[in-house]
Amino acid sequence: MTNWIIPTDGFLENTKLYWYNQSQEYKDVGTNKAVLNEWFQSTKRNSISGWDRMGCVDLTMGCTHFIESFIIGQNGLDNFQILPDEYAYYGFLGKWGNSVGKLEPNKPLIVTLPNYNWADLRPDWEEVLRECEQKNIQIHIDAAWLTLSKDIALDLAHPCIQSIGMGISKYSLQWNRVGIRYSKQRKMDSITVFNKFYIHNCNDNLYNCARFCVERIPRDYMWDTYEQHNTDMCKKNNWHQTNLIHGVWGESNEMRCITRELGLGPHSK
Amino acid sequence: MGAEKVLQYSKEPTSELIKFQFVFSSTYWNTPPHIEIAIDNNVYHSGHLRHYKTPIVFTVPLTFADHTLQIKRTGKTVEESKQVAGKWETQSCAIESITIDGINLRNILWSRSTFVPVYDSTQSGDAVVNGELIFGYNGTFNLDFTSPFYQYVVDCVRGAR
């Protein structure tokens, strides 16, 4: 398995410096949420439909918060399922994947999309959707990698899809993890508490900073900026381009992180 | 892919689908207690309890508004109680737990529910008993709540209700 390194560049690094070096403007949580909501929806590189079906829009502290809040909402680790080849965090929690075709009926599924093993949707995604329809399985999507993706098509209106979490941190913003959970119905969980219980000044600093950053970083910044470079590198090295800016299929058909080859490593400028 | 930027700002939903989970406990030597569970006067379960534990689960669509959960307990008559070797054997009925939208209500039941007993001609007592989950008498358990349910819980914890 390749060692994934989140890409960054001088522009993204300077956004952080800019935030720290200038006087920071306060805006209310509603404004911050609206800016982030618009930013996530404004991707032109991906085709995400059905936003209007996700009536509950809540700020999060990123996709890990989305996952943990989901687990709390399910009342524990035994009350949801995952697929194989998932985010390592689930393995740390002792979760094992259920194969497609063997999903447990009525037990909610959390799934990472795009999935870094394929740098795309899962190849079995359509089968997953069908099985979930047949077995009354709610789907919750961790879309942490969507900001670095192109050509990802998702219809959030699908009746099984109940929520999706997105985060800004893959734009070198791990130092200020913020995201949005879109859901069709709220449950009592951590994100609901942060949005509906701690309603005064909750995480103002995080959210103001996130709003400041996305006002300066175009939604599809990585692909808009580095598509040609990625294409040239793929041609030169006989790699197959994927839908993740920093992932390719290598010569031996293995998934490979090319953050350093693109000159976008954490110490590249 | 070049999808056009189309912002689809959605309105917050106006209803939700809520799972209700009940666990009743019961003992009897003759006939089991009968319960009828209704929300806003719509009956979602009606039947006798089993010995010891009876779980009941159903899912209900709720509009974002005020609602009332009612549990009507019947079947307790004088004939259900008898003395055996100096001890009373009778028909008992109690709520062990009510879990709504995944939240075990516990303290909320204790502090916000009421039970209205139906006394027979030989019995007397309070017209309304607060927080009673053990139904020695026939009667009706009531819990007023609101939807969205998470907001009701938040408001209860915050003391806004």
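A:Asp124 is a buried residue, with a relative accessible area of 16%. Its salt-bridge partner is A:Arg122, and the closest N and O atoms of the two lie 3.0 Å apart. A:Arg122 is buried as well, at 4% relative accessibility. Please keep in mind that this is a predicted model.

**Salt bridges**

- Over all chains, the structure holds 16 salt bridges.
- Side chains of opposite charge can pair when their charged atoms come close.
- A:Glu104 and A:Lys107 form one of these bridges through their side chains, at 3.3 Å from N to O.
- In that pair, A:Glu104 is partly exposed, with a relative accessible area of 34%, whereas A:Lys107 is buried at 19%. A:Lys107 counts as buried because its value falls under the 20% cut-off.
- A:Asp189 pairs with A:Arg181, the closest N and O atoms being 2.8 Å apart. Both A:Asp189 and A:Arg181 are buried.
- Which residues are joined into one network by salt bridges that share partners? They are A:Asp58, A:Arg181, A:Arg186, A:Asp189 and B:Glu12.

**Chain A as a whole**

- Chain A has eight helices and 10 strands.
- The C-alpha trace of chain A spans about 50 × 50 × 35 Å along its principal axes.
- A compact globule of 269 residues would have a radius of gyration near 18 Å, and the 18 Å of chain A agrees with that.
- Of the 269 residues in chain A, 56% are buried.
- Take the contacts in chain A between residues at least 6 apart in sequence: 71% of them join residues at least 24 apart.

**Where chain B meets chain A**

- Chain A brings 28 residues to the contact, and chain B brings 24 residues.
- Between them, the two chains bury about 2,300 Å², with 52% of that area on carbon and sulfur atoms.
- Two salt bridges are found across the interface of chain B and chain A. A:Arg186 and B:Glu12 meet in a salt bridge through their side chains, at 2.9 Å from N to O.
- Seven residue pairs are in polar contact between chain B and chain A, with both residues at pLDDT 80 or more.
- Which elements give two or more residues to the side of chain B that touches chain A? They are strand 1 (15-27) and helix 2 (149-158) of chain B.
- Helix 2 of chain B gives the most to that side, with six residues.
- Sorted by class, the side of chain B that touches chain A has 13 nonpolar, five polar and six charged residues.

**Helix 2 of chain B**

- Helix 2 of chain B is largely enclosed by the rest of the structure, because seven of its 10 residues are buried.
- The buried residues in helix 2 of chain B are B:Phe149, B:Tyr150, B:Tyr152, B:Val153, B:Val154, B:Asp155 and B:Cys156.
- What do these buried residues pack against? In chain A, the partner is helix 6 (190-196). In chain B, the partners are strand 1, strand 8 (92-100), strand 9 (103-104), helix 1 (106-112) and strand 12 (138-146).
- After helix 2 of chain B comes B:Gly159, which has a positive phi, near 85 degrees.

**Two residues to look at**

- A:Asn32 sits in helix 2 (residues 29-41) of chain A.
- Is A:Asn32 buried or exposed? A:Asn32 is buried, with a relative accessible area of 0%.
- Setting aside neighbours within four places in sequence, A:Asn32 is in contact with A:Lys27, A:Tyr207, A:Asn208 and A:Arg211.
- B:Lys72 belongs to strand 5 (residues 66-74) of chain B. B:Lys72 is partly exposed, with a relative accessible area of 43%.
- B:Lys72 and B:Glu36 are 36 residues apart in sequence, and their C-alpha atoms are 5.1 Å apart in space.
- Leaving out neighbours within four places in sequence, B:Lys72 is in contact with B:His34, B:Ile35, B:Glu36, B:Gly139 and B:Thr140.

Key. Residues numbered from 1 in each chain as written. Chains lettered and ligands numbered in written order. Predicted model: local features only at pLDDT ≥ 70, side-chain atom pairs only at ≥ 80, totals over all residues. Heavy atoms only, no water. Contact = heavy atoms within 4.5 Å. Buried area = accessible area lost by both parts, 1.4 Å probe. Salt bridge = Lys/Arg side-chain N within 4 Å of Asp/Glu carboxyl O. Polar contact = N/O pair within 3.5 Å; in protein donor to acceptor, adjacent residues only side chain to side chain. Helix = DSSP H or I, 4+ residues; strand = E, 2+ residues; numbered from the N terminus. Nonpolar A, V, L, I, M, F, W, Y, C, P; charged D, E, K, R; others polar. Rg over C-alpha atoms; globule rule 2.2 N^0.38 Å. Buried < 20%, exposed > 50% of the residue type's maximum accessible area, 1.4 Å probe, protein only.
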